[in-house]
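I opened the notebook to record what I looked up in this model. The entries follow in the order I made them.

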Amino acid sequence: MDDIINLENEGDLLAQIEEVEALSSIYGDEWCVIDEASRIFCIKISNDLEGSKLTACLQIILPPDYPSAAPPIYQINAAWLRGLERTKLANSLEDLYVEHVGESILYLWVEKIREFLVEKSQSSETVDQPENVNMTTEEEEDDDEDMPDFRSLKLNTENAHLFMDPAKDEEAPPIKHGNTFTDRRSTFQPHLAPVVTPKQVKMVLEKLYENKKLASATHNIYAYRIYCEDKNSFLQDCEDDGETAAGGRLLHLLQILDVRNVMVVVSRWYGGILLGPDRFKHINNCARNILVEEGYTASTDEATKSGAKIKRPKSKKMK
């Protein structure tokens with residue numbers, strides 16, 4: 001991935017500049033430029049209610065072909081937002097994009113999130129009683145941090161057929177299992193499978209959960225990237241499985257390594273001792289190791305010595 005995004009479409013660049021200027025004028029200090037060259041911005045959003053104030057941080061990356069042909073890439077940072085509520089909000093943002101394809105969408109997104117915060121504050125549910133999800137004490141103690149949940153928008157209207165039940169004669173992709181790693185009684189193990197459709201992602205997960213040991217893991221974090229040759233774009237997603245922000249970090253690793261047509265799952269068995277940020281390092285190190293072992297990317301030392309480009313398996317067209 002290049003450090004600086006080359007914006008080939010001058011019309012899109014002009015539209016982005018105008019939109020950013022307008023948002024900066026509207027939101028003032030709440031709007032922040034993280035990296036203008038890479039088109040990365042963020043905004044702090046609150047419900048503006050006294051006594052029950054909720055906040056969320058929306059971080060945005062504007063692709064070269066936004067707004068004409070691609071949605072923004074985003075992450076919502078809010079420790080209280082998880083599970084079904086996070087999915088509901090993400091779906092509402094995707095619906096807004098679908099309704100306004102080709103138009104500047106960020107203002108509508110910000111106000112939709114603000115509306116969500118207000119509704120959350122006024123509902124009978126309290127922030128002090130978050131949704132019951134599979135979390136360790138470690139994740140509960142990290143609630144004061146707004147950890148990112150990095151994900152890319154997918155147009156459900158275009159890709160819904162890809163998630164239908166797989167054909168009976170379609171076999172699950174082969175799954176490779178990496179070596180286990182243990183730190184302070186927490187054990188991590190990576191798994192990798194080549195995938196070219198979301199159907200295969202579903203099949204891989206079902207196959208893994210047939211293993212009683214893997215099914216008993218405290219968390220099974222995964223991320224995948226599928227290259228769509230006909231659209232020259234990626235279909236990608238991730239899942240924390242209760243390990244807050246781990247799925248987003250794992251997907252970010254796959255993006256940085258620019259791997260494609262692959263799914264990585266990292267199982268963690270929590271051992272009762274808090275690891276803090278080290279758990280994210282272990283998850284990504286496990287994932288990187290199995291990607292190197294299976295030839296999807298070069299090791300850090302090999303890449304430095306040879307200066308070679310990352311080795312990738314040939315992409316297959318999606319059916």
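**Entry 1**

I began with Gly11, which counts as partly exposed because its relative accessibility is 44%. My cut-offs: buried is under 20% relative accessible area, exposed is over 50%, and partly exposed is in between, with a 1.4 Å probe and protein chains only. Gly11 sits in helix α1. I then checked its distance to Pro67, 56 residues along the chain: the two C-alpha atoms are 9.3 Å apart. Pro67 belongs to the loop between β3 and β4. The peptide bond joining Tyr66 and Pro67 is cis, with omega about 10°.

**Entry 1: ground rules**

This is a predicted model, so I noted the limits: local features need pLDDT of at least 70, side-chain atom pairs count only at pLDDT 80 or more, and totals for chains, interfaces and linings use all residues. Residues are numbered from 1 along each chain as its sequence is written, and side-chain values use heavy atoms, with hydrogens and water left out.

**Entry 2: the whole chain**

I counted ten helices and eleven strands. These are DSSP runs numbered from the N terminus: helices are H or I with at least four residues, strands are E with at least two. Of 319 residues, 47% count as buried. Contact here means heavy atoms within 4.5 Å. Among contacts with a separation of 6 or more, 68% are between residues 24 or more positions apart.

**Entry 3: the cores**

Which residues have the most contacts inside the largest nonpolar core? They are Trp31, Leu58, Ile76, Leu106, Trp109 and Ile113, in a core of 30 residues. A nonpolar core is a set of buried Ala, Val, Leu, Ile, Met, Phe, Trp, Tyr and Cys residues joined through side-chain atoms within 4.5 Å. At least two core residues come from each of α1 (10-27), β2 (40-46), β3 (55-61), β4 (73-77), α2 (83-99) and α3 (106-122). The most come from α3, with six. A second, separate core has 23 residues, including Leu253, Leu254, Val264 and Tyr296.

I followed Leu58 further. Neighbours within four places in sequence aside, Leu58 touches Phe41, Cys42, Ile43, Ile45, Tyr74, Gln75, Ile76, Val110 and Ile113.

**Entry 4: two helix pairs**

Two packed helices are described by the angle between their axes and the distance between the axes. Axes are lines fitted to C-alpha atoms, for helices over the stretch in contact; angles run from 0 to 180 degrees between N-to-C directions.

I took α1 and α3 to start. Their angle is about 35°, and their axes are 10 Å apart. From α1, Glu19, Leu23, Ile26 and Tyr27 meet Leu106, Tyr107, Val110, Glu111 and Arg114 of α3. By class, this contact has six nonpolar, no polar and three charged residues. Nonpolar covers Ala, Val, Leu, Ile, Met, Phe, Trp, Tyr, Cys and Pro; charged covers Asp, Glu, Lys and Arg; the others, Gly among them, are polar.

Next came α8 (residues 246-257) and α9 (residues 278-293), packed at about 40° with axes 10 Å apart. On the α8 side I listed Ala246, Arg249, Leu250, Leu253, Leu254 and Leu257; they meet Phe280, Ile283, Asn284, Ala287, Arg288 and Leu291 in α9. The classes here are nine nonpolar, one polar and two charged.

Is Glu243 buried or exposed? Glu243 counts as buried because its relative accessibility is 0%. Its place is the loop between β10 (233-239) and α8. The side chain of Glu243 makes a polar contact of 3.1 Å with that of Arg279. A polar contact is a pair of N or O atoms within 3.5 Å; within protein, one must be able to donate a hydrogen and the other to accept it, and residues adjacent in sequence count only if both atoms are side-chain atoms.

Ser267 lies in strand β11 (residues 262-269). Ser267 also counts as buried, at 0% relative accessibility. Its side chain joins that of His191 in a polar contact of 2.9 Å. Other contacts of Ser267 include Thr187, Phe188 and Asn220.

**Entry 5: positive phi**

Asp258 has phi near 55°, positive in a residue other than glycine. Asn261 also has a positive phi, about 55°. The loop between α8 and β11 holds Asp258 and Asn261. Asn261 counts as buried because its relative accessibility is 5%.
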